[in-house]
Amino acid sequence: MKRYEVIVVGAGPSGLSAAIEAAKRGLKVIVFDENEKPGGQLFKQIHKFFGSKKHHAKIRGFKIGENLLEEANYAGVEVALNATVIGLYADKEVVVRRNDQVFHYKGDCIIIATGAAENMVTFPGWTLPGVIGAGAAQTMMNLHGIKPGKKVLMLGSGNVGLVVSFQLLQAGCEVVALVDAAPQIGGYGVHAAKLSRTGVPFYLSHTIAKAHGEDCVTGVTICEVDSQFKLIAGTEKYFDVDTICMAVGLSPMSQLLKMSGCLMEDNPKRGGQVPIIDEFGETSVPGIFAAGDVSGIEEASSAMIEGRMAGVCVAEYLGYCTHEEKNESLAELKKDLESLRQGMFAPANRGKKITKTEEGIEISDSLLKNGFVAEQEIERYPGVVHKSGIHPVIECTQNIPCNPCQDACPKGCISIGENITNLPVVEDENVCINCGMCVASCSGQAIFLVDEDCGDGSATVTIPYEFLPIPEVGEKGFGLGRNGERLCEATVVSVKSVKAFDHTNLLTMRVPKEYAMSARFYAS
Amino acid sequence: MNRIENHPILGEPQKTEKVTFCFDGQEMNGNMGEPIAMALKANGVMIHRYTQKEHKPRGIFCAIGRCTDCVMIVDGKPNVRTCVTPLKDGMVIQTQDGVMPKTEANEVERSRV
Amino acid sequence: MNTIVDRTKDIGEFIPQPDDDMLICRCEEVTKGEIRRAVHDGMWTITEIRRYLRTGMGLCQGQTCARLVKGIVARELGISMAELEPAAARSPMRPIEMKVLGNEEVTDLWQ
């Protein structure tokens, strides 16, 4: 039996982060992962992350994964792949399947970072080929270059449902509808808005009544539900689809912790069965730690910080750093974690109905119900201003911990302030130079550059554009509204794609000036 | 074709070695090392197996090796999770019926029972 | 979490529901109706249900259905999901062939 100072289970964002912090302090660390490749779900995340610079904001998930692997490599972390942990016994004995053999390892400390599994809901036909998890869709299109389907219906309006729907569009699939039984959208409004403007309809208070097909999915019927989530007869709607995607939440995969005798609890706020842990991830069994989604469902950004915390604690536990050094590192990490856990979507606010932003502005009702901010609502927000000449219009309407736009503007036109959940404000006195950095930096794709009046009856609107084919300059098409409806004719006047934009193309379209504040997408 | 030829963020797929494999007696092409399930999906195959009791079709569900819905008979071995098993040249892949290959003989046997 | 089950509680008669034929455990092909009936047959814990119906005992080891089964049993008993003790977690956590499980690395302690 081989002995390691630290055994980490799971090479996802939190497991790798934990291993890095421990190895950096001189510990002998091994990470076991059942998959062929490390990184957990990070390599399927092709969108830009939210947060501040410290949280890797505006960097795409897979790039964060690459950086993390590099850091782990540099720190001397040993990552064992195709190594399935099948048991965790008393006295920190880890049983691992590698190839066709079973091995036993002993760890002085164990960090469990096994992540989460997808929840599913049942409906007639849910076992048909073509009904898949949202994670499966991501795996197919973002890792293996395979389209999950031609026409897809998404169930679930949390961030996973919204982000994966957008990625389906990017992969060239059609998303016919986004459905959720809840009466309002669960994920970030900006994610919903970027789907809406491409024309994806939202059906809130709806659920799947039936998946049709004999051998595989050929269609789906959705139905409205009442406040008790009972189907309302006569409200059925049929869609011709070949794929139904489910994004209805995650549950911690905490069985290993339970097996090892850690005290567990069923905590709906954390997503289900979770270990009872202290602030930094230590379970009731001394020397066994938990980090990331396994101890409570959150974002990858917080999982990475939790991992680092566990790594630091393990180092002190085994005498590789002093109590003071540990406290110093933890204080810093704690600050980073707390800043992520703020705003409307903070874990503490789960299940609460929030009607006003921290600034006291009313939340857009239309955004929560339809997926887009209505025209009469948009003017309330501090990022939406009118000026002569080109200026940013920031349609960021919810308090989310995110601030890259503030640093992106070289002219100081955008300010968020110390509190990173503040809504961005467009500063009046500073002059926009049309560099487009803010548009490309916004992970929510909520920033536009608008010249409301070019003097010839037209206006120009610059939008973030992450689809193929990229329209040609001079091409004539249509300006779409926030709800995806065709508003007016539009001409493409420029398409900018520079390295600093990181694959977010900036498409500028000319529209009649009365559509300057409503045309937010382009379709040919 | 179900393959993404060009992706706005990820670009063009990496060039990989092409391999041929056999699915229920039919010759198909795929990329070396990609999960078997992806090669099948690219070829339009949706049904991986029929269940033991109800004889209902199943295919890819979780795509990460958890749900075991996509298991098939690979090189004679049943219950192989095709979503996490890399494709190799010359592999013989069969639709699984219960734990047997789906053959006419098994069909007859089943209908008799 | 309730570790002691109060078996004196009256949960009433089994009343058929329209979605009783909904498949819940995908691997072992167990329906909602079968699970609900099992509760009325006296299987009040997840462990009992598993042994009675084989829910969550198939290839995937309950990865997909564990939560669904728990919800159905809890509703039938009129308690919250949090009050229901989940199934025991034991090795092996993932599908593994017997010949591999039995093929342990042998360490020569005298080497």
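Which domains does the domain assignment of chain A give? It gives domain 1 (2-117 + 253-340), domain 2 (118-245) and domain 3 (372-523), with bounds that come from an automatic or database domain assignment. The model is predicted: local features need pLDDT of at least 70, side-chain atom pairs count only at pLDDT 80 or more, and totals for chains, interfaces and linings use all residues. Residues are numbered from 1 along each chain as its sequence is written, and chains are lettered from A and ligands numbered from 1 in the order in which they are written.

**View 1. Contact of domain 2 with domain 3 in chain A.** The C-alpha centres of domain 2 of chain A and domain 3 of chain A lie 28 Å apart. Domain 2 of chain A brings 13 residues to the contact and domain 3 of chain A brings 18 residues; two residues are in contact if their C-beta atoms, placed from the backbone, lie within 7 Å. On the side of domain 2 of chain A that touches domain 3 of chain A, α4 (159-170) and α5 (189-196) of chain A each supply at least two residues. Helices (H or I, at least four residues) and strands (E, at least two) are DSSP runs, numbered from the N terminus. α5(A) gives the most to this side of domain 2 of chain A, with 6 residues.

**View 2. Side of chain B that touches chain A.** The contact takes 26 residues from chain B and 28 residues from chain A. On the chain B side, α1 (36-42) and β4 (57-58) of chain B each supply at least two residues, and α1(B) gives the most, with 3 residues. By class, the side of chain B that touches chain A has 16 nonpolar, 4 polar and 6 charged residues. Ala, Val, Leu, Ile, Met, Phe, Trp, Tyr, Cys and Pro count as nonpolar, Asp, Glu, Lys and Arg as charged, and the others, Gly among them, as polar.

**View 3. Open sheet of 7 strands in chain A.** The strand order is β20-β23-β24-β27-β26-β25-β28 (chain A), with antiparallel pairing; two strands pair if DSSP finds at least two bridges between them. β20 (390-394) and β28 (521-523) of chain A are the edge strands, and each pairs on one side only. Within the sheet order β27 of chain A stands beside β26 of chain A, and 5 bridges join β26 (residues 486-496) of chain A to β27 (residues 505-512) of chain A. A:Val492 stands opposite A:Met509 in β27(A).

**View 4. Hairpin of β17(A) and β18(A).** Strand β17 (residues 264-267) of chain A and strand β18 (residues 272-275) of chain A pair in the antiparallel sense over 4 bridges. A:Asp266 has A:Gln273 in β18(A) as its bridge partner. The hairpin has 4 residues between the strands, and A:Gly271 takes a positive phi near 105 degrees.

View 5. Most residues other than glycine have a negative phi, and most peptide bonds are trans.
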